[in-house]
Amino acid sequence: MLNILMVGNGQCGNRILDSINRQAFGSKSRFAKFYAKQQYKSNVQTLAINTAVNDLKEMKYTKAKDRIHIPHLHGVGANRNVGRKVFDENKSQIMRNLDERGSFDIAFVITSASGGTGSSFTPSLIRELKEQNDYPVYAVVVLPFREEGTLYLQNAAFALKDIRESGVDGIILADNQYLKQMGGDVETAYDSINEMIAKRLIFLLDSLDSEMMMVTDLGDFKTVMSGGAGIATIGYYEADGEVPIRTAIQKAVSPSGLLFNTNVYEEASRSMMIIKGDKSYLSIDEISTEVEKLSDSVGHVFKGIIVRKGEYPRVLSVLTLESASELEELYHLAVDAINTEKEKKERVQEDKEVDKAFSQIEGLEPHY
Ligand code: GDP
């Protein structure tokens with residue numbers, strides 16, 4: 001049995017964690033967290049951390065003892081310098097809470113890259129976890145919608161760099177911009193995106209702790225994640241009827257199944273493919289042909305097969321990337337955003353038009 005730690009930082013991290021707990025408790029009931037037992041095979045501990053108490057209160061499926069509020073008025077207002085300082089001031093409380101949960105085989109830290117709390121707490125938290133423990137720590141990082149503004153874009157660029165330099169064992173990317181095809185208003189899109197991410201992570205955890213017909217395990221996952229440029233994403237496909245396994249595998253690496261925009265055949269560096277379903281769907285010939293096709297361009301592909309009686313095929317792919325043109329595009333936009341913010345600040349400092357306006361009434365009193 002694996003001991004797994006999942007931390008969700010900031011609003012986005014908290015909500016994805018809550019979606020994981022909702023799906024893992026196997027009940028849509030709002031009271032599930034009070035009486036239901038998690039359906040994980042592994043020992044999974046979930047912990048939500050936030051400076052904004054309302055974000056924590058909003059969580060419906062995560063137990064109160066698994067939510068830590070770090071008081072700082074109403075959050076850190078997308079300011080990562082403030083966020084870093086608040087983390088440092090509260091580091092011992094956070095690390096004590098984590099220590100009390102025992103030791104782990106693997107940890108995931110989930111956050112958005114662009115807000116304030118999650119994006120600044122995550123690199124510092126990972127650094128602390130890595131200094132104090134010897135288990136692998138992976139970050140699950142959500143990139144912003146590109147039209148969310150200059151502050152979010154510059155935060156995303158710096159946060160991702162900080163996380164990469166934190167000692168993290170790998171970064172799994174999910175991109176709101178790419179996934180917004182889910183449609184609907186923002187809240188509905190968030191819920192669907194969170195559900196997609198949660199579903200993939202639960203499938204992964206479940207597989208790492210399964211009796212497989214052909215084995216992939218935590219060791220293989222670590223090898224896949226250590227490949228490429230330290231950046232990865234996850235693809236998934238779930239058939240809702242009888243689908244040939246080759247189609248299911250193809251869909252799990254196609255744009256509709258991925259969390260991040262990449263051409264797998266050009267940018268992936270290593271892969272792990274987990275195939276689940278009733279024995280009748282799992283044609284070894286078809287699986288081998290498809291996996292070979294992928295390994296021709298990707299390099300190494302680990303495969304695991306899990307037999308689940310009566311279930312339609314489901315396939316999960318973990319892909320590490322050696323290049324990511326979408327990320328280069330994002331950094332391009334972020335550089336523009338940083339320059340815009342810088343110029344704006346300089347303009348305000350140089351050209352004190354507003355100060356001039358106020359200075360006109362200096363020394364005067366109101367008369368009534
Ligand atoms: P923090 O609480 O200060 O860490 O900030 P947030 O987590 O709210 O970060 C803002 C970014 O996260 C923006 O790019 C939002 O689009 C994104 N975001 C906020 N909530 C969610 C959510 O529930 N799901 C997803 N996928 N993205 C979210």
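A crossing of two helices is left-handed if the near helix is turned anticlockwise from the far one by less than a right angle, and right-handed if clockwise. By this criterion, the crossing of H1 and H8 is right-handed. The structure is a predicted model, in which local features need pLDDT of at least 70 and side-chain atom pairs count only at pLDDT 80 or more, while totals for chains, interfaces and linings use all residues. Residues are numbered from 1 along each chain as its sequence is written. Helices (H or I, at least four residues) and strands (E, at least two) are DSSP runs, numbered from the N terminus.

**Helices H1 and H8**

- The axes of H1 (residues 10–25) and H8 (residues 186–208) come within 8 Å and cross at roughly 60 degrees; axes are lines fitted to C-alpha atoms, for helices over the stretch in contact, and angles run from 0 to 180 degrees between N-to-C directions.
- The two helices, H1 and H8, are therefore oblique to each other (under 35 degrees counts as roughly parallel, over 145 as roughly antiparallel, 65 to 115 as roughly perpendicular and the rest as oblique).
- Arg15, Ile16, Ser19, Ile20, Gln23 and Ala24 of H1 meet residues of H8 that include Tyr190, Asn194, Ala198 and Ile202, where contact requires C-beta atoms, placed from the backbone, within 7 Å.
- By class, eight nonpolar, three polar and three charged residues form the contact of H1 with H8 (Ala, Val, Leu, Ile, Met, Phe, Trp, Tyr, Cys and Pro count as nonpolar, Asp, Glu, Lys and Arg as charged, and the others, Gly among them, as polar).

**Ligand shell**

- Of the 22 residues around the ligand, Gly10, Ser112, Gly115, Gly118 and Pro144 come nearest; a residue is near if its C-beta atom, placed from the backbone, lies within 6 Å.
- H1, helix H5 (117–132) and H8 each give two or more residues to this shell.
- H1 supplies the largest share of the shell, four residues.
- The shell comprises eight nonpolar, twelve polar and two charged residues.

**Sheet and packed helices**

- Ten strands form an open sheet with mixed pairing in the order E3-E2-E1-E4-E5-E6-E7-E10-E8-E9; two strands pair if DSSP finds at least two bridges between them.
- The edge strands, E3 (67–69) and E9 (300–307), each pair on one side only.
- E8 (residues 268–277) and E9 pair in the parallel sense over eight bridges, and Met273 has Lys303 in E9 as its bridge partner.
- Helix H12 (residues 284–298) packs on the sheet, touching E8 and E9, and its direction makes about 165 degrees with that of E8.

Conventions. Two residues are in contact if their C-beta atoms, placed from the backbone, lie within 7 Å.
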